[in-house]
Structure formats: C-alpha cells, structure tokens
Amino acid sequence: MIEDCKFIEFPQKGDERGHLVIIEGNQDIPFDIKRVFYIYGSDREVIRGRHANYNSEFVLINVSGTSKVKVDDGTSQKIFNLDRPHVGIYLPKLVWKDMYDFSEDSVLLCLSSEHYDAGEYIRDYDRYLTVMKEEKHVKTP
Ligand code: TYD
C-alpha cells in the first residue's frame, strides 16, 4: 500500500512565455478526475488531512510553494516533499494522509477520483487501524 504512493512527473511545455504543465485524467494519472479542490492560506503550524478515504484516490500537486505529505498504511509511514509544480504524488484509497509544513505561498492542488462524500472519510486513527487490520485479514486469510 505505502509502495503504491508515488511521485508522478507531468509533461511540461515550456517556452520563452513560461511553463505549461499538462495533467490528463486516465493518462498522466491513473483515474478519471471527478473533483478538483485546492488548499492555500495554511502555514507551518497547520496539519491538514488526518484522514483516509474508503473510495477516493488523489493526486496532490503544490502548484505554488511547498508542503509535505506523510502517508501511513497502518504498518509503515513515508514522507513526501511536494516542491515542484510539475510533480504530484499519487495516493491510493485507504491511505492515511497528513499534509503539513505549508510555505506561505503554498497552493496545494488536489485531484480526486470521486465526488465529495463525507461518509467515505475515516477521521479517527484508531478506527483506521481497525479497518486496515480487517482489510489485511480479508486479503490474507
Ligand atoms: P477537510 O476534509 O477537513 O480538508 P483537509 O483534508 O484538506 O484538511 O475539509 C474541510 C471542509 O471542507 C469540511 O467541512 C468538508 C469540506 N469539503 C467539501 O465540502 N468538499 C470537498 O471536496 C472537500 C475536500 C472538503
């Protein structure tokens, strides 16, 4: 699971006018994009996310500034630095994620495979661990 969280580098078309980064659903990222939201105005003290999703997959890109994403699958953890506008991180469903250490100019663009559904969020970490234990049990009986 944690090994499925990975950086994706997007194609860029730069010329003397500036940069243009291209992200096509189902081509540059592994899902159809159903939802886009972005987070800005958070600072170094803030920790966002702190949840997992039953169904949604995400790609997160710092289109401006920098932040960090800590991913956790209940067994191991990994920290990704988001600091380039043409590089995103892919997060599969059921991964616990914390976004933090936002620079003042951070704009964190989030692409999602699903429409918003508050019911598919797991916001309690102990419950998440229980869900992941059950998942493991189902996969390796
Ligand atoms: P929240 O999930 O706490 O954001 P983050 O994970 O980035 O810390 O969402 C903040 C609020 O916005 C919460 O009331 C739910 C709402 N929200 C939507 O209505 N639609 C969305 O697509 C998202 C991501 C959040």
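Tutor: The side chains of Arg-44 and Asp-101 form a salt bridge, with an N to O distance of 3.0 Å. A salt bridge here is a side-chain nitrogen of Lys or Arg within 4 Å of a carboxyl oxygen of Asp or Glu. This pair links distant parts of the chain: Arg-44 is in the loop between S2 and S3, while Asp-101 is in the loop between strand S8 (96-100) and S9, 57 residues apart. Strands are DSSP runs (E, at least two residues), numbered from the N terminus.

Student: Before we continue, what kind of model is this?

Tutor: The model is predicted: local features need pLDDT of at least 70, side-chain atom pairs count only at pLDDT 80 or more, and totals for chains, interfaces and linings use all residues. Residues are numbered from 1 along each chain as its sequence is written, and side-chain values use heavy atoms, with hydrogens and water left out.

Student: Which residue forms a salt bridge with Asp-101 at 2.5 Å?

Tutor: That residue is Lys-68, and 2.5 Å is the separation of the closest N and O atoms. Through shared partners, salt bridges join Arg-44, Lys-68 and Asp-101 into one network.

Student: Is Arg-44 buried, partly exposed or exposed?

Tutor: Arg-44 is partly exposed, with a relative accessible area of 48%. Lys-68 also counts as partly exposed, at 25% relative accessibility. Buried means under 20% relative accessible area, exposed means over 50%, and partly exposed lies in between (1.4 Å probe, protein chains only).

Student: What about the backbone of Asp-101, what is its phi?

Tutor: Asp-101 has a positive phi of about 55° although it is not a glycine. Most residues other than glycine have a negative phi. Arg-50 is a further case, with a positive phi near 55°; this residue lies in strand S3 and is partly exposed at 45% relative accessibility.

Student: How many salt bridges does the whole structure hold?

Tutor: A search of the whole structure finds five. One of them pairs Lys-34 with Glu-114, whose closest N and O atoms are 3.7 Å apart.

Student: How accessible is Lys-34?

Tutor: Lys-34 has a relative accessible area of 42% and is partly exposed. Glu-114 is partly exposed as well, at 26%.

Student: Let us move to the ligand. Which residues surround it?

Tutor: The ligand is surrounded by Arg-35, Phe-37, Ile-39, Arg-48, Gly-49, His-51, Met-99, Tyr-116, Tyr-121 and Arg-123. A residue is counted when one of its heavy atoms lies within 4 Å of the molecule. Strand S2 (35-40) and strand S3 (47-53) each supply at least two residues of this shell.

Student: How does the shell divide by residue type?

Tutor: The shell has five nonpolar, two polar and three charged residues. Ala, Val, Leu, Ile, Met, Phe, Trp, Tyr, Cys and Pro count as nonpolar, Asp, Glu, Lys and Arg as charged, and the others, Gly among them, as polar.

Student: Which side chains have an N or O atom by a ligand oxygen, and at what distances?

Tutor: A ligand oxygen is 2.7 Å from an N or O atom in the side chain of His-51. The corresponding distance is 2.8 Å for Arg-123 and 3.1 Å for Arg-48. Polar contacts are pairs of N or O atoms within 3.5 Å.

Student: How much of the ligand does the protein bury?

Tutor: Taken alone the ligand exposes 530 Å², and the protein buries 60% of that. Accessible areas come from the Shrake-Rupley method with a 1.4 Å probe.

Student: Which residues form a nonpolar patch on the surface?

Tutor: Ile-33, Val-36, Tyr-38 and Tyr-40 form one, with about 450 Å² of accessible area together. Patch residues have over 30% relative accessible area and no salt bridge, and nonpolar side chains are joined within 5 Å. Ile-33 sits in the loop between strand S1 (6-9) and S2 and is partly exposed at 34%.

Student: And is Ile-61 buried or exposed?

Tutor: Ile-61 counts as buried, at 0% relative accessibility. Ile-61 belongs to strand S4 (residues 58-64).

Key: A polar contact is a pair of N or O atoms within 3.5 Å; within protein, one must be able to donate a hydrogen and the other to accept it, and residues adjacent in sequence count only if both atoms are side-chain atoms. Helices (H or I, at least four residues) and strands (E, at least two) are DSSP runs, numbered from the N terminus. Patches are made of residues with over 30% relative accessible area and no salt bridge: like charges are joined within 9 Å, nonpolar side chains (Val, Leu, Ile, Met, Phe, Trp, Tyr) within 5 Å.
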